[in-house]
Amino acid sequence: MEFMETKIHVLPEELCNKIAAGEVVERPSSVVKELLENSLDAGASDILIELEAGGKRLIRISDNGCGMSQQDAFLSFERHATSKIRTADDLFALSTLGFRGEALASIASVSRLRLKTSDNDEGLGQQIYIEGGKIKNVAEVGFPQGTSIEVRNLFFNLPARKKFLRKENTELGHVADVVTKQALANPAVSFRLKHNERIMLDLRREKGVRERVAALLGRSLLPDLLVVEQQGSDDLQLTGLISQPQLTRSAASHIYTFINGRYIRDRVVQHAVMAGYRHLLMKGRYPVVVLFLKIDPAQVDINVHPTKHEVRFREQSLVHDFIAEGLQQTLRPAEWLNKGGSDFSTENAGDYSTHSQSQTVDQTGSAPDNGFVRELSDRYVPPVENRQKDNFPVDPMLAQLNSTSVYSEPVEENSVATQYTLPGSESSGFFSGLHILGQYHQSYILCQDGSDLVLIDQHAAHERVGFEKLRHAYTAGTIPSQTLLFPEVLELDFNSATALGDNRQELELLGFEIEPFGGKSFALKAIPQLLENRNASRLVVDVALELERIGRTGQLRESIDEILILMACHSVIRANQALAIVEIKALFQELDRIDFKANCPHGRPVMQRMTLTEIERLFRRQ
Ligand code: ADP
Ligand code: MG
């Protein structure tokens, strides 16, 4: 037979490893993730992570785990070599973080790697040095039980990929993320993170997750966290800490979810968390959540993604509802307290039959099955705001304003707005010319424009005005700031602290004066005048998150609007606040003064209009 050259050939092992590395090793943080998983699987209780140049020059992870024998040490670099599973069935009974047996082979193929390990306490160990996947040197060394893996010059042999690595601090930030997640899941293990010889994180062994959360996310969060403990059928269990609705973030990055001890970022789980907070958070706000789901390993497939961030559940909706209900249960008592008033009135109304009550409800039109109205009233959340009113000293300024309000009676949920006619207003612009009818649900201003009904979202309107003022001041130079009598100390997580530290000068232009206060803490010394002390520290936490996000993609100056939006949002009157007629008029005058695009800066509409015809159609008159 004549020799024919084939077009297809089997790739050499080395190339296979490089290809596999493409999936598993994207940047220094992915190396850290894999090595940490190995250390944890080896039962370590002490882990040291050392980096140079954000991990681009050096990553060294040392643990006091079980270590490896000489033979195992060699085998560990073979592709698909693992001590963690033997059969396919094991895939559905996983108790370890690793199981693919790919990480070490992949990492070794794209770096200069040195392994030192010992599985005995006689101080006898092995050292293996590998360059670009080739074993260069093997030696016996003195080494205590445990393992140390040193990864130098990541991607030295893959220049194309090396180009994708970002600046030192960005890479360090990603590593800190990875360490944070593992540290939250393993409070009994001590973690230390060193960068260029500086200690960045020093986490002692803790008994529970609470102290770990304090060390990583800031101790000041603790009073606002609730404990979740929910036992379901079939080994389902949910535990952890979640924030009360008044503690929120501007990004979902403080939602940490773990399944069987593994950090995952799953769509179903994320949705379930938000469903647990349904009606409790404003749009665009996210809770702080550290949640651990335990589930029968047979009910979940971890092996759907090489980095194992996503999972697949056998019974997706069951898991979803279990999580959502667990959170609702935890959050409910607080909600009930806040609704105390209305609950009492129902109880006291003993003379009325359920029937007559529901009739009353219908007559006042309080439960219209009308998407439009419901959507509007869903947008803001009474419980939180009510709580603030009940439990906290009321700002004297606001109290005064409220007492002069023509709507000083608290407007019952779902009740029809009080009628109020403003006699002949001196109109100049569109808004000033509107005929004010009243305030609905302490959130919307009702007006008449010709024969149209105009609804104005008071929060969105204030936000819009605040944003325009801030942008104007920023363009003109700086935003006026006011010094705080008592500086406030803020504790942040690693990445937020870095972002804030890096942008202190820019923040001064925005009216903030912030000084480092040791570790991940800052002293807030001055804030933009516009804020009037309200929520200043919460705003700074949000600004830091936003800076973090911007830092990963672009320049602060180009994204300044995002920050101004946040500031506007924090500075203004929320929904659920009675407004005096003078306040409404003042707001309208300001709205007339700005370049009005009918949207709040978040892109939500400020105003909605219903024509007489639409209303008549609702009542089937048309
Ligand atoms: P996997 O973790 O999926 O098994 P890896 O390539 O990450 O695959 O590791 C291969 C094997 O090397 C592991 O199964 C484990 O037996 C061993 N190993 C790796 N790191 C350590 C460590 N830090 N301590 C002890 N054994 C380790
Ligand atoms: Mg592994």
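Trainee: Is Glu102 buried or exposed?

Mentor: Keep in mind that this is a predicted model. In it, Glu102 counts as buried because its relative accessibility is 9%, and buried means under 20%.

Trainee: Okay, and where does Glu102 lie?

Mentor: Glu102 sits in the loop between helix H3 (70-75) and helix H4 (103-109).

Trainee: How far apart are the C-alpha atoms of Glu102 and Arg79?

Mentor: Those two C-alpha atoms are separated by 5.4 Å, with Glu102 and Arg79 lying 23 residues apart along the chain.

Trainee: Switching to the ligand. How many residues surround ligand 1, and which are the closest?

Mentor: There are 18 residues around ligand 1. The closest are Asn38, Thr82, Ser83, Lys84 and Gly101.

Trainee: How do the residues of that shell divide into nonpolar, polar and charged?

Mentor: Six of the shell residues around ligand 1 are nonpolar, eight are polar and four are charged.

Trainee: What lies 3.0 Å from an oxygen atom of ligand 1?

Mentor: That's a backbone N or O atom of Arg100. Phe99 also comes in with its backbone: a polar atom there is 2.9 Å from an oxygen atom of ligand 1. For a side chain, look at Thr147, where an N or O atom is 3.3 Å from a nitrogen atom of ligand 1.

Trainee: And how much of the ligand's accessible area does the protein cover?

Mentor: On its own, ligand 1 has 530 Å² of accessible area, and the protein covers 93% of that.

Trainee: Let's move on to the inside. How many residues does the largest nonpolar core have?

Mentor: The largest nonpolar core has 62 residues. Val32, Leu36, Ile47, Ile49, Val151, Phe191 and Val290 are the ones with the most contacts inside it.

Trainee: Which helix gives the most to this core?

Mentor: Helix H6, residues 168-185, gives the most to this core, with eight residues.

Trainee: Where does the core lie relative to domain 1 and domain 2?

Mentor: The core lies between them, because domain 1 (13-203) and domain 2 (209-336) both give residues to this core.

Trainee: Which residues are buried in helix H7?

Mentor: Helix H7 covers residues 209-217, and Val209, Arg212, Val213, Ala214, Leu216 and Leu217 are buried there. Gly218 follows H7, and its phi is positive, near 115°.

Trainee: Which residue other than glycine has a positive phi near 45°?

Mentor: That would be Asn196. You'll find Asn196 in the loop between strand S7 (190-195) and strand S8 (198-203). Asn196 counts as partly exposed because its relative accessibility is 33%. Arg620 isn't a glycine either, and it has a positive phi of about 55°.

Trainee: Where is Arg620, then?

Mentor: Arg620 is in the segment after helix H21 (612-618). With a relative accessible area of 75%, Arg620 is exposed.

Trainee: What about His254: buried or exposed?

Mentor: His254 is buried, with a relative accessible area of 5%. Its place is in the loop between strand S11 (248-249) and strand S12 (255-259).

Trainee: Which side chain does the side chain of His254 make a polar contact with?

Mentor: The partner is the side chain of Arg249, at 3.2 Å.

Trainee: Now the start of the chain. Where is Thr6 found?

Mentor: Thr6 is in the segment before helix H1 (13-24). It counts as exposed, at 57% relative accessibility. A polar atom of the Thr6 side chain lies 3.0 Å from the backbone oxygen of Ile8.

Trainee: And Val25, where is that one?

Mentor: Val25 is in the loop between H1 and helix H2 (28-41). At 1% relative accessibility, Val25 counts as buried. The C-alpha atoms of Val25 and Leu154 are 9.5 Å apart, while the two residues are 129 residues apart along the chain.

Trainee: Last one: is Arg27 buried or exposed?

Mentor: Arg27 counts as buried, at 15% relative accessibility. Arg27 is found in the loop between H1 and H2. From C-alpha to C-alpha, Arg27 and Gly54 are 10.0 Å apart in space, and they are 27 residues apart in sequence.

How values were computed: Residues are numbered from 1 along each chain as its sequence is written. Chains are lettered from A and ligands numbered from 1 in the order in which they are written. This is a predicted model: local features need pLDDT of at least 70, side-chain atom pairs count only at pLDDT 80 or more; totals for chains, interfaces and linings use all residues. Side-chain values use heavy atoms; hydrogens and water are left out. A residue is near a molecule or strand if one of its heavy atoms lies within 4 Å of it. A polar contact is a pair of N or O atoms within 3.5 Å; within protein, one must be able to donate a hydrogen and the other to accept it, and residues adjacent in sequence count only if both atoms are side-chain atoms. Accessible areas come from the Shrake-Rupley method with a 1.4 Å probe; for residues, only the protein chains shown count as cover. Ala, Val, Leu, Ile, Met, Phe, Trp, Tyr, Cys and Pro count as nonpolar, Asp, Glu, Lys and Arg as charged, and the others, Gly among them, as polar. A nonpolar core is a set of buried Ala, Val, Leu, Ile, Met, Phe, Trp, Tyr and Cys residues joined through side-chain atoms within 4.5 Å. Buried means under 20% relative accessible area, exposed over 50%, partly exposed in between (1.4 Å probe, protein chains only). Helices (H or I, at least four residues) and strands (E, at least two) are DSSP runs, numbered from the N terminus. Domain bounds come from an automatic or database domain assignment.
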